[in-house]
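Here is a short briefing to read alongside the structure. Take a look at the model first, and then we can walk through a few spots together.

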Amino acid sequence: MLQQHLAKRVEALKPSAIRELLKHSKMPGVISLGGGIPSPELFDRTGLEMATDKVMKGHFLDAFQYGLSEGFPPLREAISELCRGRGITAGIDNILVTSGSQQSLDLLVRTLVNPGDKVVVERPTYLAALQVLQLSQADIRSVGTDKDGMIVDELEILLQSQSVKMVYIVPTFGNPGGVVLSDARRRKLVELAKQYNFVIIEDDPYGEINFTDQTFKTLYQHAAEAGADGHVIYTSTFSKILAPGLRVGWVVLPDWIRQKAAIVKQATDLHTSAQSQAMAASYLSLNRLADQIGMIREAYRDKCHFLAEQMNRELGEHITFHMPQGGMFLWATFRYDFDTTAWLSRTLEEGVVYVPGEFFYSDNADKRTLRLSYATPTRSELEQAVARLKKALP
Ligand SMILES: Cc1ncc(COP(=O)(O)O)c(C=O)c1O
C-alpha cells in the first residue's frame, strides 16, 4: 500500500542492469567483461600517496572543512589548464566541480529539462544517462549511429518536425559504441544547434584514452569557432584517467546557465567532497597525469587489440564488431538473429559476463548486440573469456 506514495518519476525506473551484473561478476571464477571499470593495477598508487601526504601536511583545512559549491579554487584552476590542453578555453568561473560526470548529467538535466521536453540521445547511448533522463520525465528520442557516430542527417530530419531542447552525446570513443563522431558531423551538429536553438551536452570521459595519433576537436571548440558558443556544455571526469573512487568530475558551463546550475549543485550536496577535491588538486600539482594517461592508453590499446584478435579468430563467423580507436569498450553484434540478454544466463554458467546491448537503447533495441569491456581483465583472462563465450554458443 505504501508503494502508492512513490513519486511518478520513479515508476518507470528499473534497477541498473550493470549494477545487477556486477554482483555476478564478483562470483569466484567469473571473468567480467561487464562494467566500465578502470584497471586497478594501473592506478598511480605512488602519486596518490604523495598527493595524500601533501594534502595532510599542507591543505588540512581545505580537505576537511566545508568548501564552495562551485569547487575548490586551486582544482578549478588546474581543470581550466587541463581543458586548455583539450582546446577548451574556460576561466575558472565557468568551471563547476562535480561528484563525477554522472552528477554533471544529473545537475544539467535538472537545470534544463521539464517533464515532456524532447531530448535526443544516440542509439545506443550511455545507460545511466537514460536513467537520469527517465527521472526527469523527458520525452526521449533517439537517433541512429554508424561507424562515424551519430547520424546527424537523421537528427536534422527529426528537428524539422520536432522542437528539441537538448542533445546528449558522447562524441569521442562513446559508451557503448566506442566510435568517434566524424569531424564533418561535429561541424554539422553545432550548426544545427545554432539553427534550431538547442543545447548539446558533450560527455567526454574517454577522449584522452586515444589509441591513435589523431586528435579529435571537441564539440565545445567547434561551437566556439562556429559562433555557436553557449550551445555546448562540456563535461568530463577524473574517473577513467585517475581514479573513479575520488568521485571528481567537472562541467564547463556557459554564462547563461552557470549560476542556476551552481544553485542546483548547492541544493544537491552543498559541494563535492572537499577531501577528494584537495586530493585531485594535489595530484595534478605533481605533474604526473600526462604520464599516467600515456600508460593507461598503452595498456588499454594492447588489451583492446588482443581481445579483437581473439574475437575475430574464435567468434568471427558469429559476431562482428567495430574496432575501437580508443576508450574502454568493444561493441559487438551477432551476425544473425540472436538475443544476447537471454544468452547471459548461459555464458554465466561458463563463467563469463558482458552487458547485453539492449540496455543501451531507449527504443528500437537491437538484441543482437553486446558490450565487452577490455579494461580490467588480463590478457590471459581475455583469452579465457572468449573461449568461454564460444563454448556458451548454442
Ligand atoms: C559516457 C559516460 N558518462 C559518464 C560516466 C560517469 O562517470 P563518473 O564516474 O565521472 O561519474 C560514465 C561512466 O562509465 C560514462 O561511461
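**A surface patch, a helix and a loop**

Helix 4 (residues 60-64) supplies the largest share of the nonpolar patch, namely three residues. Please keep in mind that this is a predicted model.

**The nonpolar patch**

- The patch lies on the surface and is formed by M56, F60, L61 and F64.
- Together, these four residues have about 420 Å² of accessible area.
- F64 has its place in helix 4.
- With a relative accessible area of 42%, F64 is partly exposed, since that class runs between 20% and 50%.

**Helix 15**

- Helix 15 spans residues 379-392, which makes 14 residues.
- From first C-alpha to last, helix 15 reaches 20 Å, close to the 20 Å expected at 1.5 Å a residue.
- Buried residues in helix 15 are L382, A385, V386, L389 and A392.

**T272 in its loop**

- You will find T272 in the loop that runs between helix 11 (255-269) and helix 12 (274-285).
- T272 counts as buried, because its relative accessibility is 1% and the cut-off for buried is under 20%.
- Leaving aside residues up to four places away in sequence, T272 touches V97, T98, S99, Q103, R247, V248, K265 and Q277.

Key
Residues are numbered from 1 along each chain as its sequence is written. This is a predicted model: local features need pLDDT of at least 70, side-chain atom pairs count only at pLDDT 80 or more; totals for chains, interfaces and linings use all residues. Side-chain values use heavy atoms; hydrogens and water are left out. Helices (H or I, at least four residues) and strands (E, at least two) are DSSP runs, numbered from the N terminus. The expected span of a helix is 1.5 Å times one less than its number of residues. Buried means under 20% relative accessible area, exposed over 50%, partly exposed in between (1.4 Å probe, protein chains only). Patches are made of residues with over 30% relative accessible area and no salt bridge: like charges are joined within 9 Å, nonpolar side chains (Val, Leu, Ile, Met, Phe, Trp, Tyr) within 5 Å. Accessible areas come from the Shrake-Rupley method with a 1.4 Å probe; for residues, only the protein chains shown count as cover. A salt bridge is a side-chain nitrogen of Lys or Arg within 4 Å of a carboxyl oxygen of Asp or Glu. Contact means heavy atoms within 4.5 Å.
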